[in-house]
Amino acid sequence: MDFGMKNRLSHIIKPKTGKTVMLAVDHGYFQGPTTGLKDVRKTVTPLIPLADCLFITRGMLRTSVDPKSDVVLCLRVSGGPSILGELSNEDITTSMEEAIRLNASGVGMSIYVGASNEDRTISNLGRLVNEAERYGMPVLAVTAVGKEMARDARYLGLACRIAAEIGAHFVKTYYCEEFHKVVEGCPVPIVMAGGKKIPEKNALQMTANAIKEGASGVDMGRNIFQSDNPVGMIKAIKAIVHKGASVEEAFEIYSKK
Ligand code: R5P
């Protein structure tokens, strides 16, 4: 890795702890104005100072984030289908030039292992990495899960390993039982996606488990911005990820209004 690549990656994964708390607010790129993200500006403004990095599309970045804010960006650069179509039918939608112009510290796209377009999404990842390497831009591969695919260590381990083999610099995947096996098979950092909203204590427990089992942090959305206390929730997640707080300590942080 050259200087630019390492330096950008260190904006996202903080060298002090080797971990990151990314806030994912990219859901609208296929879900439209989903719960908690109807007004992206309103949702992200109080959370930006607390997030290590924002995972967002260029459209929401331009319209809903103050350019003067002290924010590290990872840009969602894939898309195509909506929730009404075949989700795996994705392509790259945002150029590397645009990512650089928007001052991104990373770019992210989904691969659909086990879905109908797995081969195309994986070769899209290869093309994105080829281009990103020219500019020193880290690539986050998101292991999107097809409706029929089990969220288990065997499947997620397969998807994460493929992402790393193709050249992703870090990978986002879901938590599962025996998550450590997913981490062990993947030589690049893994960040955990939160998935559907669950009770806050369960989300904190899942985060603590993932960190214990080797995750390099989270790229979490709904369990933060759909919480009744999003600011408390991101502070609680940060305490676990960066400070090794217990679930009980973190829950207390979340509970403070
Ligand atoms: C989904 O495809 C998006 O990339 C989200 O960024 C990802 O799922 C993380 O968000 P959540 O924690 O809500 O699952």
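These legends describe close-up views of a predicted model.

**View 1. The shell of residues around the ligand.**
The ligand is surrounded by 15 residues. Asp26, His27, Arg76, Lys172 and Arg222 are the closest of them. By class, the residues of this shell comprise six nonpolar, four polar and five charged. Two strands, S8 (170-174) and S10 (217-220), each contribute at least two residues to the shell.

**View 2. Polar atoms facing the ligand.**
The side chain of Asp26 places a polar atom 2.5 Å from an oxygen atom of the ligand. For Lys172, an N or O atom in the side chain is 2.6 Å from an oxygen atom of the ligand. Gly194 takes part through its backbone, where an N or O atom lies 2.9 Å from a ligand oxygen atom. Of the 360 Å² of accessible area that the ligand has on its own, the protein covers 95%.

The largest pocket is the space taken by the ligand. Among the closest residues to the ligand are His27, Arg76 and Arg222. Strand S8, residues 170-174, is one of the elements that supply at least two residues of the shell around the ligand.

Side chains of opposite charge can pair when their charged atoms come close. Arg58 and Glu98 form a salt bridge through their side chains, with 3.0 Å from N to O. Arg58 belongs to helix H4 (residues 58-64) and Glu98 to helix H5 (residues 96-101). The two residues are 40 residues apart, and the pair links distant parts of the chain. In total, the structure holds 11 salt bridges.

Definitions and conventions: Residues are numbered from 1 along each chain as its sequence is written. This is a predicted model: local features need pLDDT of at least 70, side-chain atom pairs count only at pLDDT 80 or more; totals for chains, interfaces and linings use all residues. Side-chain values use heavy atoms; hydrogens and water are left out. A residue is near a molecule or strand if one of its heavy atoms lies within 4 Å of it. A polar contact is a pair of N or O atoms within 3.5 Å; within protein, one must be able to donate a hydrogen and the other to accept it, and residues adjacent in sequence count only if both atoms are side-chain atoms. Accessible areas come from the Shrake-Rupley method with a 1.4 Å probe; for residues, only the protein chains shown count as cover. On a 1 Å grid over the protein atoms alone, a cavity is a set of points where a 1.4 Å probe fits but cannot get out, and a pocket is an open set with protein on both sides within 12 Å along at least five of seven lines; lining residues have an atom within 4 Å of a point. A molecule sits in a cavity or pocket if more than half of its atoms lie within 2 Å of its grid points. Helices (H or I, at least four residues) and strands (E, at least two) are DSSP runs, numbered from the N terminus. Ala, Val, Leu, Ile, Met, Phe, Trp, Tyr, Cys and Pro count as nonpolar, Asp, Glu, Lys and Arg as charged, and the others, Gly among them, as polar. A salt bridge is a side-chain nitrogen of Lys or Arg within 4 Å of a carboxyl oxygen of Asp or Glu.
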